[in-house]
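These are my notebook entries on a structure that I had not looked at before.

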Amino acid sequence: MRVWASANQKGGVGKTTTVACLGGLLAESGRRTLLVDLDPHGSLTGYLGHDPEGGEGGVYALFQAAAEGRVGDAAAGVVATGADGLWLLPARTALATLDRQFGTREGMGLVIARALAGLTARFDFVLIDCPPMLGLLMVNALAACERVLVPVQTEYLALQGLDRMMRTLAMVTRARPQPLPALIVPTLFDRRTRASPESLRRLRARYPQQTWRSVIPVDTRFREATRAGLPPSAAYPQARGVQAYRELLADLLGPGETREPDAAGATGTDPANQSSESRGCPPAGPVRQDSGAAAAAAGREPNTGRRA
Ligand SMILES: Nc1ncnc2c1ncn2[C@@H]1O[C@H](COP(=O)(O)OP(=O)(O)O)[C@@H](O)[C@H]1O
Ligand SMILES: [Mg+2]
């Protein structure tokens with residue numbers, strides 16, 4: 001099971017869209033994929049048709065359990081989405097109180113990492129959507145993931161916020177046993193403007209190693225996909241923006257792992273056997289050859305930086 005996070009201390013840069021789109025693409029390629037919503041605003045949760053106001057389950061329950069000295073049952077909080085092979089661990093608006101409740105308590109930074117450790121046989125991929133601030137939730141995400149994507153809107157002030165985020169990542173990396181590769185993903189790129197190409201140039205000049213080789217263009221379909229309640233890749237598979245995310249995913253996975261969508265739906269579960277309402281967490285199953293251990297053993301992630 002591989003865990004990636006989408007993080008930036010700035011809002012509105014495409015963090016949630018990145019998670020929804022890459023998640024949809026991973027699921028349609030046959031990888032059992034879990035999206036974890038760590039933003040108290042619950043935009044990913046709402047987007048995928050669940051109510052972030054709905055009580056205290058989901059991610060919040062994991063922190064409650066940890067506060068009582070237990071490891072929460074992450075599988076119990078997982079819900080289905082409208083896309084096959086794609087599940088969600090929803091956010092709760094109650095998450096907004098976490099820093100006040102537990103911010104300084106020992107061990108609370110590893111709640112998500114420990115909970116996800118219980119899901120390794122059920123999912124091939126986990127994508128974590130972060131809130132736009134440095135706090136307990138982002139600390140948890142960065143401790144749980146093996147790679148972080150940093151979506152950055154290509155606009156004039158992009159670098160200001162980004163420098164702050166990169167300092168945060170450097171700080172977190174020092175505290176980790178393994179390095180945390182970061183890939184800056186230029187988003188909302190509009191070639192007709194002056195701001196987009198110029199800020200992209202500056203981005204590349206400042207972070208030459210860490211900036212993705214291509215860009216995610218402005219594409220109004222992304223906003224429309226949120227209305228459809230489906231990942232952009234499912235709602236508008238041919239959209240320009242989706243094509244760009246497809247390219248990003250191919251770079252992240254490396255040449256050996258890129259496959260066409262799996263028509264047979266090799267998601268580890270047979271959706272035909274389950275009504276869409278009752279589909280909870282998928283059962284434990286063999287980890288796909290191409291995910292996790294195999295890639296780690298091969299020690300490669302081309303185009304996108306180093307790995308441990
Ligand atoms: N490449 C894009 N082109 C056009 N609109 C986009 C793009 N990426 C994101 N958006 C839209 O911009 C808004 C903010 O994106 P979102 O992913 O929610 O950002 P964040 O999670 O960083 O706050 C949303 O309305 C989303 O639909
Ligand atoms: Mg968001």
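I started with strand S5, residues 125-129, and found it mostly covered, with five of its five residues buried. I keep in mind that this is a predicted model.

Next I looked up which way the side chains of S5 point: Phe125, Leu127 and Asp129 face one way, while Val126 and Ile128 face the other, and all are buried. In a regular strand the side chains alternate between the two faces of the sheet.

I then asked which strands pair with S5. Strand S1, residues 2-6, runs parallel to S5 and is joined to it by five bridges, and there I noted Ala5 opposite Ile128. Strand S2, residues 33-37, also pairs with S5 in the parallel sense, over five bridges, and in this pairing Leu34 has Val126 as its bridge partner.

**Ligand 1**

Finally I turned to ligand 1, which is surrounded by 17 residues, the closest being Gly14, Lys15, Thr16, Thr17 and Phe222. Helix H1 (15-28) and helix H10 (221-228) each supply at least two residues of this shell. Sorting the shell by class, I recorded five nonpolar, nine polar and three charged residues.

Key: Residues are numbered from 1 along each chain as its sequence is written. Chains are lettered from A and ligands numbered from 1 in the order in which they are written. This is a predicted model: local features need pLDDT of at least 70, side-chain atom pairs count only at pLDDT 80 or more; totals for chains, interfaces and linings use all residues. A residue is buried if 20 or more other C-beta atoms lie within 10 Å of its own, exposed if 12 or fewer, and partly exposed in between; C-beta atoms are placed from the backbone. Helices (H or I, at least four residues) and strands (E, at least two) are DSSP runs, numbered from the N terminus. Two strands pair if DSSP finds at least two bridges between them. A residue is near a molecule or strand if its C-beta atom, placed from the backbone, lies within 6 Å of it. Ala, Val, Leu, Ile, Met, Phe, Trp, Tyr, Cys and Pro count as nonpolar, Asp, Glu, Lys and Arg as charged, and the others, Gly among them, as polar.
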